[in-house]
Every structure is written in structure tokens, then in C-alpha cells.
Amino acid sequence: MNRVYLDHSATTPVDPDAVKEMLPFFTEKFGNASSLHGFGREAKNALEIARNQVAQLIGASPDEIIFTAGGTESDNIAIKGAALKNRSKGNHIITTKIEHPAVLETSRWLEKQGFAATYLPVQSDGIVSIDALRSAITDKTILVSIMHANNEIGTIQPIGEIGKICREKGILFHTDAVQSVGKIPVDVRKMNIDLLALSSHKIYGPKGIGALYVRKGVMLEPIIHGGGHEKGLRSSTENVPGIVGLGKACELAKARLGEDSARLKGMRDKIIKIVLSTIEESYLNGHAEKRLPHNAHFRFTGIEGESLLLKLDEKGIAVSTGSACSSKSLEPSHVLTSIGLNPVDSHGSLRVTLGRENTDEEVDYFLQILPEVVKELRAMSPLWEHRKDADKWKKMMEKR
Ligand SMILES: *Cc1c(COP(=O)(O)O)cnc(C)c1O
């Protein structure tokens, strides 16, 4: 059976070139980067090469890059660190309703510690309003955290504009750029970003490794204490093979960014065009243009995304409904609720995220299978049968 992976926003395969770079660091080059002997220096050199590769991808300088255990940890170190450090200046932080749980749950934790948080709404296209941001800022605001691109609907926020406002007001600006780095251009200087989180496994690197950009001069309160690694912000012996893999993944992403994004966008646009034109009552979620080049997010009236996912899985096609982190829960996705979808429509949603190894043949296979599966599911769906019967529909909604 064909196996077609169309879930690259959940994770990506590790690029073979990155694997190759990593391998010696599991075996003969096993040194601890803090050791002063040759083994240690070898590991330390590898770290510094990787630090440079990460910095290059986002327009930072290498001494502004801290290695972490992933995107979640980077978000935690940045947000908690900035809030705790600046407590004497104010207790207010601003974020959005559509952040990844790594940011949302961190903000909620800060609220329990006595901070106040504003969760900005987004418009139906998934974009946060600049006016809403401006009016949320008070003289107590110490941090704004707004993601660059959304992991579900792929919407890209006006990060440059937001960075400029924060810089003018002297407020720290953090962005979760886990989904955007390596996919679309990111430049921390041009975008006035103070803190930026990225993750290796979303950009064809290994899992369990990430990085945090901390602009020169920005002070954070450490939340992990120990031997003082990574400028005291992330104590623990560095994961050298992981870091080497992340570095190589960043180098590859930089070299391939233009070519990859153009090719994926071509495939993505074909999928959107054919799905919307051949499947009745199908809709695109998120902004039509301001979206990641590899992301298509649909909703189909009258079917459950979960059933759709499982049927496609039977045909060897891997997609997602909601986000990977919340796919086990029956709650509708907070992102889809925030763009104004009702629970039934949210549950009828499907995320397709393309990647480097996908081929035109795979796209064609998906486009052949999807309409068949939608038809099959609708044929047995009371939601579909009664969709134009307002009373019955209302009753079905109430049962949920
Ligand atoms: C995947 C993801 C994270 C978490 O990254 P991990 O490396 O898995 O911890 C954070 N934010 C966004 C937007 C993501 O897509």
C-alpha cells in the first residue's frame, strides 16, 4: 500500500544529511562539551558550528542562541524568564487566543503566580488585529507573545508590525516561530524580535531539541537551575548529537527555503483548488494568502474530521484534524473556535501539511482518495442528511 505522509506540521522526518552529521556524535565523538580535553573540545566545536547555523537562518548572531530541549521548553524559558525578570516593572502580559499550548499554558501558569494576561482575539481569517493589540497595552505591560504562524490553520501574523510597536513602547516581544522558521523568511533584526522559539523536529531535524533566540541585552530569569550551561539559562549537559542535527537542519532549510516553499506552495494550491471545486460544501479555514506555503486546512459540512482521518489512514494517508497535541480530546480546537467556527464545523475539519519528501504522485493519490472518502462518510451521516433541516440540526447540536 502507498503510505503518504501529509502531516508535516506535527513532525517531519529527519533529513538524511542531518542524520549523517549526527552519527559520529553518538559514537567516537561522544565528549562532554564542558570538558577541557580533546574530546570535550571536539564536542564544543560542534556546538559552536551549530549555533552559527541556527543564527544564520534567523538573522541573529551566534551568541544570541541558546539550545533547549525543544519548542515547548524555549517558550517556557522565554515567557516565564521575561515575566519573572521584569516583575518590578509591571505584571501584565499580552498573548493571543490561538497560541500553541506551550504559550497558552505558560501564560495561565503566570496568571496563577499573580500576573495578568490578555488573550487577544483573532478575526475570522485568523489574523490578530493590530488595533486590538494597541488598545490592550498598558503601562504595566512587560511582554507580548504572539506566534509567527499558527500550527493548525497556518495563518501568518504581521510579526514585523507587532515587533515595531513593542520596540517603540519598550515592551519585550516574544514569538513562537516553531512553524514558520525554515518555511518562510524570518529575520529577528528586521522584525524587531527580542525572543524567538524554534524547534528542530518541525524542520527535518531530530526530536527533543530546539533553540531560543535571546536578543543581546535582554535579561531573563532562569527557570532551570544547575551547572550554568547555555549562559545559565538552560543548565544540563548539552545534547550534542541533537544540536548537530538541528544545526544541519537549519543550514539545509536556509539553502532550500526558496525552492522548497515554491514547490510546496504549488502542490498546496493544487490541493486547495481541486478540493474546493470538486467537493461540495467544502471550505478553506484560515487566510487565503497569509498562510504557510505547505498548509491547507479544510472543513467539510456533515462529517467528523476524526472519521475522515481514520478512513484516510486506512488508505495509507496521514493527515490531522485539530492539532496533534489535542487530537485525543473531543473538545473542539481552541483555534477553530477562535476563528468563529461552531463545534460541529470544527469537528469537520482536516489539516493537510506538505513536506520536502512529498511528490506530485502522492498529491494526486490524495486528491483521488479524499472525494471518495468524503462521499462515503456523508452517505451514512445524519448530520449531512439533515443539514438543511434547521430544527433537526439544532437538536443534533444540542446533543453534543
Ligand atoms: C510543535 C510546536 C511547539 C512545540 O515544539 P516541541 O519541540 O514539540 O516542544 C510549539 N509551538 C508550535 C507553534 C508548534 O507547532
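## Around the ligand

A side-chain N or O atom of Asp-176 sits 2.6 Å from a nitrogen atom of the ligand. Gln-179 puts a polar side-chain atom 2.7 Å from a ligand oxygen, and for His-201 a side-chain N or O atom is 2.8 Å from an oxygen atom of the ligand. On its own the ligand exposes 380 Å², and the protein buries 87% of that (Shrake-Rupley areas, 1.4 Å probe).

This is a predicted model, with local features taken at pLDDT of at least 70, side-chain atom pairs at pLDDT 80 or more, and totals for chains, interfaces and linings from all residues. Numbering starts from 1 along each chain as its sequence is written, and side-chain values use heavy atoms, without hydrogens or water.

## Who makes up the shell

The ligand has 13 residues around it (a heavy atom within 4 Å), and Thr-72, Asp-176, Gln-179, Ser-199 and Lys-202 come nearest. Helix 3, residues 71–85, gives the most to this shell, with three residues (helices are DSSP runs of H or I, at least four residues; strands are runs of E, at least two; both are numbered from the N terminus).

Seven strands make an open, mixed sheet in the order 2-8-7-6-5-3-4 (paired strands share at least two DSSP bridges). At the edges, strand 2 (65–68) and strand 4 (116–120) each pair on one side only.

Strands 7 (195–199) and 8 (210–214) run antiparallel, joined by five bridges. Here Leu-196 stands opposite Tyr-213 of strand 8. Helix 6 (159–169) packs on the sheet, touching strand 5 (141–145) and strand 6 (172–176) (heavy atoms within 4.5 Å).

Terms used
A polar contact is a pair of N or O atoms within 3.5 Å; within protein, one must be able to donate a hydrogen and the other to accept it, and residues adjacent in sequence count only if both atoms are side-chain atoms. Axes are lines fitted to C-alpha atoms, for helices over the stretch in contact, and angles run from 0 to 180 degrees between N-to-C directions.
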